Amino acid sequence: MAENKNCVVSGIPYVSVWDGGVEVETTCTIDLKTGNILDVNQVFVAGLEICEREYVRLNDEQVDVLEDDEGVCWVCLEGAQRADLAPKEPAEFDRTYVVTEWCSNCEYESEIHGWDTARDGFQAFCPHCGKQLMLCDQCKHSPDYQGCDWTERHGCFRSRGDKAEIPSPQALGLRMGAPVDALNEEVLKEDDDGQKDRTLP
């Protein structure tokens with residue numbers, strides 16, 4: 001590995017990963033002040049199709065190769081001028097408690113504010129037609145998602161195991177800031193299988 005007074009180092013191992021794990025290694029030259037990769041020695045990659053990852057090996061560590069909007073390749077090095085441009089670790093999900101769901105009964109999309117699935121569950125009422133609304137999109141993005149096992153007779157694992165009280169259509173309409181006159185109170189009754197069924201008065 002060669003180094004000069006300008007902190008430009010050559011002979012650094014440069015590895016590209018192809019087609020599910022095939023590694024091709026060559027060498028590159030890096031400016032340690034900026035992290036910019038100045039040159040990569042060409043290597044024969046015939047027969048390989050998809051490059052999945054590129055990294056350099058520094059001090060026995062793998063440092064991912066990044067590319068800026070202008071096509072310049074670089075690596076994030078501690079103390080380098082471009083280190084502050086490295087991708088940040090995603091922050092903890094900032095919940096907005098806004099649920100958007102499409103109703104299969106009336107085919108309207110509704111946005112419900114102040115909805116917490118941990119508190120309110122994954123069943124609501126459509127503020128347009130008053131029928132039961134399963135929050136399928138919220139379910140699919142939940143950490144405890146088990147795959148959809150919904151059937152018309154037995155519902156899904158959310159409706160069978162969700163013990164949270166389902167807010168009434170009136171309460172849901174108030175959350176949306178919408179008039180509730182058009183919403184009919186749904187009466188929930190238990191059928192022979194213990195499932196909640198809907199009837200309109």
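Biologist: Which residue in the turn between β5 and β6 has a positive phi?

Modeller: Asn59, with a phi of about 50 degrees. β5 and β6 form a hairpin there, with 2 residues between them. This is a predicted model: local features need pLDDT of at least 70 and side-chain atom pairs count only at pLDDT 80 or more, while totals for chains, interfaces and linings use all residues. Residues are numbered from 1 along each chain as its sequence is written, and side-chain values use heavy atoms, without hydrogens and water.

Biologist: How many bridges join β5 to β6?

Modeller: First the terms. Strands are DSSP runs of E, at least two residues; helices are runs of H or I, at least four; numbering starts at the N terminus. Two strands pair if DSSP finds at least two bridges between them. Here 4 bridges join β5 (residues 51-58) to β6 (residues 61-67), and the two strands run antiparallel. Leu58 has Glu61 in β6 as its bridge partner.

Biologist: What does β6 do with β7?

Modeller: The two strands pair in the antiparallel sense over 3 bridges, with β7 at residues 73-75. They form a hairpin with 5 residues between them. Gly71 in that turn has a positive phi of about 85 degrees. Val65 has Val75 in β7 as its bridge partner.

Biologist: Is Val75 buried or exposed?

Modeller: Buried means under 20% relative accessible area, exposed over 50%, partly exposed in between (1.4 Å probe, protein chains only). Val75 has 0%, so it counts as buried. Leaving out residues up to four places away in sequence, Val75 touches Ile30, Gly35, Ile37, Val56, Val63, Asp64 and Val65. Contact here means heavy atoms within 4.5 Å.

Biologist: Which residues touch the most other members of the largest nonpolar core?

Modeller: In soluble globular proteins, nonpolar side chains tend to be buried together. A nonpolar core is a set of buried Ala, Val, Leu, Ile, Met, Phe, Trp, Tyr and Cys residues joined through side-chain atoms within 4.5 Å. The largest core has 13 residues, and Ile12, Cys28, Ile30, Ile37, Val56 and Val75 touch the most other members. β2 (8-18), β3 (22-31), β5 and β6 are the elements that give two or more residues to this core. β2 gives the most, with 3 residues. A second, separate core has 8 residues, including Val99, Ile112, Trp115 and Ala124.

Biologist: How many disulfides does a search of the whole structure find?

Modeller: A disulfide is a covalent bond between the sulfur atoms of two cysteines. The cut-off is a pair of cysteine sulfur atoms within 2.5 Å. The search finds 0. The closest cysteine sulfur to that of Cys106 is in Cys126, at 3.6 Å, which is too far for a bond. Cys106 is partly exposed, at 23% relative accessible area.

Biologist: How many salt bridges does the structure hold?

Modeller: Side chains of opposite charge can pair when their charged atoms come close. A salt bridge needs a side-chain nitrogen of Lys or Arg within 4 Å of a carboxyl oxygen of Asp or Glu. The structure holds 3. In one, Arg57 pairs with Glu25, the closest N and O atoms being 3.4 Å apart. That pair links distant parts of the chain: Arg57 is in β5 and Glu25 in β3, 32 residues apart. Arg53 pairs with Asp64, with the closest N and O atoms 2.6 Å apart. Arg119 pairs with Asp120, with 2.8 Å between the closest N and O atoms. Asp120 is buried, at 6% relative accessible area, whereas Arg119 is partly exposed, at 48%.
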